[in-house]
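The following note is intended for a colleague who is opening this structure for the first time.

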Amino acid sequence: MSTLHMRRREFLQFSIAASGGLLIGFYLPGASRLAAAEEPSGSAFMPNAFLKIGTDERVTVIVNHSEMGQGVYTALPMLLAEELDADWNKIGYESAPVDAKYNHPVFGMQMTGGSSSVWSGFEQYRKAGAAARAMLIAAAAQQWNADPASLRTESGAVLDGANRKLSYGQLAEAAAKITPPEKVTLKDPISFKLIGKPEKRLDTPEKISGKAIFGIDVRSPGMLTAVVARAPVFGAKLKSFDDSRARNMPGVRKIVAVPSGVAVVADSFWQAKMARDAVRIDWDEGEMHSFSTGQMMEQFRKQAQSPGTSVRRDGDPDAALAQAAKKIEAVYEVPYLSHLMMEPLNCAVDLRADSCEIWTGTQFQTVDRAAAAKAAGLPNERVQIHTTFLGGGFGRRATPQSDFVVEAVHVAKAAAVPVKVVWTREDDMQGGWYRPAFLHAIVGSVDASGNPVSWRSRLVGQSIMSGTMFESIMMKGKQYDPVSVEGVDDLPYEIPNIAVESHQAQVGVPVQWWRSVGHSHTAFATECFIDELAALTQKDPYQFRRALLTKHPRHLAVLDLAAQKAGWGKPMPNGRGRGIAVHFAFESYNAQVAEVSVTDGKVRVHRIVSAIDCGRYVNPGIISAQLEGGAIFAASAALYQELTFENGRLQQTNFHTFPVMRMNECPEIETYIVESNEKSGGIGEPGVPCTAPAIANAVFAATGKRIRKLPIRMTEAL
Amino acid sequence: MVSFSVNRRRVNLEVDPSTPLLWVLRENLGLTGTKYGCGMAQCGACTVHLDGEAIRSCVAPVSRAAGREVTTIEGLSSDLSHPLQRAWIAEDVPQCGYCQSGQLMSAAVLLRDNPRPSDEDIDQAMTGNVCRCGTYPRIRKAIHRAAGMMSAGGAK
């Protein structure tokens with residue numbers, strides 16, 4: 001405790017000393033947070049864990065989800081401000097410390113993922129705002145000696161029948177003495193003023209002035225920088241290392257062995273990196289030394305020839321197949337993928353005898369804290385994580401093994417200094433935890449009148465859940481990983497005989513959720529195959545889907561909206577083709593139409609129309625942004641991205657070998673939202689799955705060639 | 001000793017002259033608005049101006065800046081008044097925000113040299129700046145909007 005207090009004072013003194021100097025500042029977002037929780041609060045009114053109101057009228061919303069671009073620092077404050085009747089211009093945000101009260105109300109831990117922030121916070125944040133509002137009204141009622149029921153609230157103030165007014169700032173101190181209400185009444189959605197409006201993001205000013213602090217920007221007096229030499233092959237063990245050259249390089253302070261490799265600790269990143277590259281290491285490469293993705297996919301193809309664990313079985317698919325008038329078989333393959341966040345991984349740790357403070361951009365606070373505490377040899381409550389802005393997450397910063405956090409604690413422990421571990425882009429790409437490679441072998445059949453009668457999907461790929469702390473919950477009683485088959489196990493098309501089977505591949509490459517997780521490959525396989533079935537029966541792929549979705553009105557609505565807005569069936573410039581796809585994921589429905597042309601074997605995506613039904617929405621501006629970004633993220637993967645291994649070594653290193661879509665390749669993107677009063681669904685991930693199949697189907701429409709493998713290479717088209 | 005000017009202030013630094021300018025800005029000068037993304041001029045997150053031209057500071061040794069003027073995102077304006085910053089707010093451009101300093105610094109050179117850029121001009125100027133969140137459509141709109149603001153005489 002005293003350490004933290006003292007450190008806060010140090011920090012403040014240092015800030016004052018530095019403020020007169022040349023631009024030098026030390027950035028410790030939330031440095032005072034632990035201290036603040038223990039000291040009298042600077043804010044007058046903290047009715048609950050989610051907000052504080054100052055006498056200066058400032059309303060600060062404490063956000064329990066990480067801001068990684070998806071807009072939670074705007075959408076969650078909107079929910080709270082709506083019920084508080086706050087003045088939107090006075091709203092600020094702050095990231096929550098790690099504490100059970102900030103746990104995800106459904107997932108039971110503090111985390112950001114599964115496109116769940118808005119739906120899980122929808123009532124939580126509104127209730128927090130409504131409770132505060134009731135207390136402010138009660139405080140005003142006391143001052144005016146009035147009946148609380150006679151008072152109303154508007155734009156950050158309580159008013160009475162005569163339009164007397166007390167602002168929330170004026171009431172803050174009195175409201176702090178009011179007992180929080182046990183029950184609150186939430187607004188009827190009809191009277192929402194903020195929810196549903198395209199409010200501008202609150203974090204833009206910070207992000208266009210260089211002021212926003214990401215993990216990599218965290219600095220404090222005495223904090224050194226470490227770069228780690230990690231194993232070149234997954235599972236390799238450190239045998240020995242020779243740091244004789246590195247040791248005497250400028251700025252180098254310490255070179256220490258840690259479980260993941262050898263850490264070079266220096267005064268600056270560049271010095272640490274140069275010296276890291278000069279350390280010679282002998283590894284015991286282990287059994288992955290000869291691993292190749294080519295051989296792995298060959299093995300996957302063999303596995304797909306035998307039945308897998310049954311995931312779903314409707315009717316008798318084998319009998320139906322045997323009697324089919326026409327059938328078609330297709331094998332779809334997708335590669336390992338890197339999340340490739342713009343900000344490479346990093347983590348800053350200040351480890352003391354009785355406390356550990358961590359600054360990083362993480363999506364997994366509860367898990368990371370427990371893992372860090374274990375590595376540090378401290379109880380959980382002596383470890384605090386300050387969540388910075390995340391320069392992209394996409395699932396990589398939600399690691400069940402907390403790899404980048406645990407490693408940084410080990411470095412801090414071995415080097416016995418406050419240290420920030422920074423990964424180079426190459427380190428980040430080669431560090432594992434990829435979207436798993438998958439193979440889908442699908443057989444489908446139609447009867448004599450062209451109606452589909454059977455569909456059998458066999459999947460081969462690695463499980464994400466297996467071996468993690470979530471295995472027992474997620475795979476309870478199941479012989480397969482539900483995350484591997486999500487999006488094909490609930491195939492919505494009305495086909496009487498359906499089988500879904502799973503083969504769980506055992507490969508020593510660490511895999512993880514990557515924006516849209518299983519849906520990132522299941523939608524590609526299923527939405528391409530339904531297109532192939534439509535072609536087999538010479539039907540229009542949009543109408544073919546419609547006819548099989550009559551019991552799924554929300555699928556139909558987005559499909560129709562996308563088709564109509566895209567001008568489905570209308571003429572296009574020569575050489576162009578349109579493709580369509582529809583998919584349900586993360587409680588939302590999305591359909592996309594892509595328009596492409598192919599010149600000299602190169603696919604150009606001209607236009608994407610994306611329609612979403614995500615239930616009741618909070619901020620349509622953010623929803624459009626997520627659909628645009630989701631389509632571009634997915635198009636990058638569909639057109640360019642693949643991780644491959646030879647001799648156990650990853651062949652890709654940086655943006656030149658793992659390309660990302662750029663401005664000159666970016667299609668026009670139009671987004672449409674279905675008005676809905678259904679429960680809110682997700683938005684960060686649902687816009688991803690349809691893009692690859694829509695593009696692949698459009699390539700078929702333009703060229704007559706089928707795409708069954710990503711990334712798309714016309715030389716491999718059929 | 002390397003001497004140059006950053007955002008119109010003179011700096012003299014004892015630093016290895018081969019150190020990339022990016023790390024000198026971030027670590028020696030505390031200007032962390034300029035970001036590291038690739039270290040090999042592939043992503044544009046580190047874009048700054050050197051005597052008014054956009055460069056990738058991750059591959060520029062600090063010695064290259066000697067005697068010259070460097071402008072970083074912190075020097076684009078002191079109060080978000082640059083037309084690009086105003087347009088970025090109006091179009092709600094950033095998502096995670098990590099690449100946006102570089103995007104703005106590239107766009108600023110484009111607009112200075114070409115006050116009414118076409119879509120092709122934008123492609124050419126901005127293709128070196130990667131955005132993983134996919135904010136390109138909004139960046140394009142915001143550049144056009146800023147150009148409009150400038151031609152309407154609304155800004156410097």
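1. In chain A, 50 residues are in contact with 48 residues of chain B, contact meaning that C-beta atoms, placed from the backbone, lie within 7 Å. The model is a predicted one, in which local features need pLDDT of at least 70 and side-chain atom pairs count only at pLDDT 80 or more, while totals for chains, interfaces and linings use all residues. Residues are numbered from 1 along each chain as its sequence is written, and chains are lettered from A and ligands numbered from 1 in the order in which they are written.

2. Two or more residues each are given to the side of chain A that touches chain B by α6 (204–207), α8 (269–278) and α19 (620–639) of chain A. The largest share, six residues, comes from α19(A). Helices (H or I, at least four residues) and strands (E, at least two) are DSSP runs, numbered from the N terminus.

3. Chain A also holds an open sheet of seven strands with mixed pairing, in the order β10-β11-β8-β18-β15-β16-β17; two strands pair if DSSP finds at least two bridges between them. Because β10 (252–258) and β17 (383–387) of chain A each have a single partner strand, one side of each is left without a neighbour in the sheet.

4. Within this sheet, β8 (residues 224–230) and β18 (residues 419–422) of chain A pair in the parallel sense over three bridges. A:Lys420 in β18(A) is the bridge partner of A:Thr225.

5. Helix α12 (residues 403–415) of chain A packs on the sheet, where β8, β10, β11 (261–266), β15, β16 and β18 of chain A are touched.

Conventions:
Two residues are in contact if their C-beta atoms, placed from the backbone, lie within 7 Å. Axes are lines fitted to C-alpha atoms, for helices over the stretch in contact, and angles run from 0 to 180 degrees between N-to-C directions.
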